[in-house]
Amino acid sequence: MNSLSTISLKTSEPVIETKGLSAGYIVSGRKRIILEDISIELHSGKLISFMGPNGSGKSTLLRTLSGIQKPLKGTILINQKEISKISSHEIAKSISVVLTKNIVPGNLSVADLVYLGRYPYVSWRINFSKNDHNKVEWAIEKSGIANLLNYKAFELSDGQFQKVMIARALAQDGKIMILDEPNAHLDLNNRVEIMNLLRDLAHSTGKAVLLATHELDLALQTSDYLWLLSKDGQLSQGMPEDMVLSGAIDEVFEFKGYDLKTGKILSNPYRQKINLTGKGHSFLWTKNSLERNGYSIGAGADISIMVLYQDNKLTWKVNFSGQERSVHSIEAMLSLLENQT
């Protein structure tokens with residue numbers, strides 16, 4: 001097994017800290033180590049996206065950090081206390097967990113689901129205090145689900161249900177939120193909304209928010225830090241921009257046909273450079289189309305294209321060595337390029 005480098009975001013005392021941690025399973029009485037010698041720190045007020053290839057051990061580490069499964073070796077400190085010396089009841093007051101698969105009776109209302117977050121604080125009589133009600137109301141407001149309170153669980157869309165689970169985790173009111181694939185099975189609008197919500201919660205409440213995700217594009221735009229776990233068990237971390245520029249993301253994901261620095265998926269290698277001018281959305285979508293079709297954008301090219309409005313019509317002026325042609329759609333522009341190159 002490979003040793004993982006220490007991760008430290010020293011903005012405050014860590015809310016989670018591990019030392020020499022090995023995570024995995026016991027199968028037929030034998031240890032199956034997935035990750036070994038992990039030393040990491042998680043600090044308050046940050047959104048951290050935890051990424052890596054399928055099967056690299058992300059879910060295993062999250063379950064171990066949250067106390068769902070026991071570590072095979074090493075120590076985990078929760079708010080400076082050894083996790084093995086903290087009761088599950090107390091862990092539930094410190095860490096709220098949102099898993100990819102939540103098995104919930106479909107007949108429960110949204111309000112009932114959110115109140116489940118207060119169960120670590122009530123006795124077996126389940127008498128909610130004024131503070132419990134206040135925490136639930138705050139969680140509902142923060143997660144923006146007030147309009148869903150009278151719905152049953154089975155009536156919710158996947159995106160609505162995920163927001164309700166986040167509200168329940170907020171009502172639990174720990175310093176730490178751990179989420180495993182919160183965007184799984186969601187459409188683009190809901191994925192963006194969930195990531196923005198989690199970022200806002202980390203910054204406005206001071207909670208440490210750690211989530212495993214495969215949404216690299218959203219993680220790069222919303223996360224304060226990335227944790228990258230490679231197939232061979234190496235863990236690296238840093239601000240998203242630093243991870244892009246250092247090549248760490250390329251090393252972990254081994255992209256094929258994807259230009260990380262531009263964020264473009266390339267169907268074929270760049271075959272020709274084009275000098276593109278214009279402004280606004282028409283320029284951006286033209287650039288996107290050209291790059292998707294294998295052209296690079298830059299100065300000093302033999303072909304130039306100008307995007308502009310002419311006679312109240314969107315126009316692409318294509319210049320080949322002094323010969324200019326005008327067309328009025330991206331499709332026609334690409335066809336012209338294909339016939340000339």
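In strand 11, Gln237 is the bridge partner of Trp227. I open with this pair, colleagues, as an entry into a predicted model, in which local features need pLDDT of at least 70, side-chain atom pairs count only at pLDDT 80 or more, and totals for chains, interfaces and linings use all residues. Residues are numbered from 1 along each chain as its sequence is written, and side-chain values use heavy atoms, with hydrogens and water left out.

Strand 10, residues 225-229, runs antiparallel to strand 11, and four bridges join them. Strands here are DSSP runs of E with at least two residues, helices are runs of H or I with at least four, and both are numbered from the N terminus. Two strands pair if DSSP finds at least two bridges between them.

These two strands belong to an open sheet of six strands, ordered 7-8-9-4-10-11, with mixed pairing. Its edges are strand 7 (95-98) and strand 11 (235-238), each pairing on one side only. Neighbouring strands of this sheet are turned by 15 degrees against each other on average, direction ignored. As to angles in general, they run from 0 to 180 degrees between N-to-C directions, with axes fitted to C-alpha atoms, for helices over the stretch in contact.

Which helix packs on this sheet and touches strand 7? Helix 1 (residues 58-65) does, and its contacts, meaning heavy atoms within 4.5 Å, also include strand 8 (176-180), with whose direction helix 1 makes about 150 degrees. Helix 6, residues 188-205, lies across strand 4, strand 8 and strand 9, at about 130 degrees to strand 4.

Helix 6 also packs with helix 5 (residues 158-172), at an angle of about 15 degrees and with the axes 10 Å apart. The two helices are therefore roughly parallel, a term for angles under 35 degrees. Among the residues that meet are Ile166 and Leu170 in helix 5, and Ile194 and Leu197 in helix 6.

Strand 14 (residues 272-277) and strand 15 run parallel, joined by three bridges; within them, Ile274 has Ile297 as its bridge partner.

Overall, the protein has 11 helices and 18 strands.

Terms used. Angles under 35 degrees count as roughly parallel, over 145 as roughly antiparallel, 65 to 115 as roughly perpendicular and the rest as oblique.
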